[in-house]
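My notebook is open, and I am going to write down what I look up as I go. Please read along with the structure beside you.

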Amino acid sequence: MHVLMLDGHPDQGRFSTSLLDHYQRSIPSNAQVTRIALRDLAFGPNLKHGYKKRTDWEPDLEQLAAQIDQCDHLVVAFPMWWGSEPAELKGLLDRLFLPGFMFSYRKNSSLWDGHMQGRSADMIVTMDTPPFFLRLLYGNAIVKRWKKQVLGFVGFKPVRVLACGPIKNGGAEKNEMKWHRQIEKMARSIKTKNAEKKELRLERFLNRTET
């Protein structure tokens, strides 16, 4: 199994990174692990022309796309800021999760096919919001969006989310051991649904002729 770990915090040495460290330590030893920090990649986060005009990938984006294409399981860790992920991570989604690679709309239809089938994903989201506030006041918006409109939309299944909060006012120190136990359970129970449906998409996407 190839596990790809993506650190989505724009700064180093932060709490979400330390939780990702613990996830990595908990992965079974027979797994192949690749870890990438988004802050180390050089790319423009703005998909300037949308899908109207082709925007070629920078080398770092193409390399990350290759890792996602090859992986069996994706792990993403990031802090929640203003109800969403940091700007650079959102930019990565815009630039990387493109039709033809991650998904395709069916002809003359609003339906689509997710091309990341056969891969699973885990998310670790740190926040100052208590998880029950996230559910009751905000409808678990960030969790639902990533599970259904981002990773689930392109075919990752299952998508599991660990919401870690509140971090501030001693919350990190108080709950760290509990979150470590939950992370250990996630890392040791990776199971991809419909693994036989995994299909490599990158080469045909890069060789496409349309703009």
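I count a contact when heavy atoms lie within 4.5 Å. The model is predicted, so I note that local features need pLDDT of at least 70, that side-chain atom pairs count only at pLDDT 80 or more, and that totals for chains, interfaces and linings use all residues. Residues are numbered from 1 along each chain as its sequence is written, and side-chain values use heavy atoms, with hydrogens and water left out.

I looked up Trp146 and skipped residues up to four places away in sequence; it touches Phe78, Glu85, Leu89, Leu93, Met123, Leu151 and Gly152. Buried means under 20% relative accessible area, exposed over 50%, and partly exposed in between, with a 1.4 Å probe and protein chains only.

Which residues of α5 (141–150) are buried? I find Ile142, Val143, Trp146 and Val150. Seen down the helix axis, they fall within an arc of 115 degrees, so they line one face of α5; the arc is taken from the directions from the axis to the C-beta atoms. Lys148 and Gln149 are exposed on the face turned away from that buried side. The cover over the buried residues includes β3 (73–79), α3 (87–96), β6 (120–126), α4 (131–136) and β7 (159–164).

**Entry: the cores**

I take a nonpolar core as buried Ala, Val, Leu, Ile, Met, Phe, Trp, Tyr and Cys residues joined through side-chain atoms within 4.5 Å. The largest one has 43 residues, and those touching the most other members are Trp57, Leu92, Leu96, Trp146, Leu151 and Phe156. At least two of its residues come from each of β1 (2–7), α2 (59–70), β3, α3, β6, α5 and α7 (202–206). I also noted a second, separate core of 20 residues, with Met5, Phe15, Leu20 and Ile167 among them.

**Entry: the cavity**

On a 1 Å grid over the protein atoms alone, a cavity is a set of points where a 1.4 Å probe fits but cannot get out, and lining residues have an atom within 4 Å of a point. Points are joined across faces, edges and corners, and a volume is the space filled by probe spheres set on them.

How many cavities of 30 Å³ or more does the structure hold? I found one, and the largest cavity has a volume of about 60 Å³. Trp146 turns up again in its lining, as do Leu89, Leu93 and Leu151, among others. α3 gives the most to this lining, with three residues.

**Entry: bonds and loops**

I checked the peptide bonds, and the one from Lys157 to Pro158 is cis, with omega near -5 degrees. Pro158 sits in the loop between α5 and β7. The bond from Gly165 to Pro166 is also cis, with omega near -5 degrees, and Pro166 belongs to the loop between β7 and α6 (171–188).

Next I looked at phi. Trp82 is not a glycine, yet its phi is positive, about 50 degrees. Trp82 is in the loop between β3 and α3, and it is exposed at a relative accessible area of 90%. Asn108 has a positive phi too, near 55 degrees; this residue lies in the loop between β4 (103–105) and β5 (112–114) and is exposed at 77%.

Notes
Helix = DSSP H or I, 4+ residues; strand = E, 2+ residues; numbered from the N terminus. 1 Å grid on protein atoms, 1.4 Å probe; cavity = no way out; pocket = protein on both sides within 12 Å on 5 of 7 lines; lining within 4 Å.
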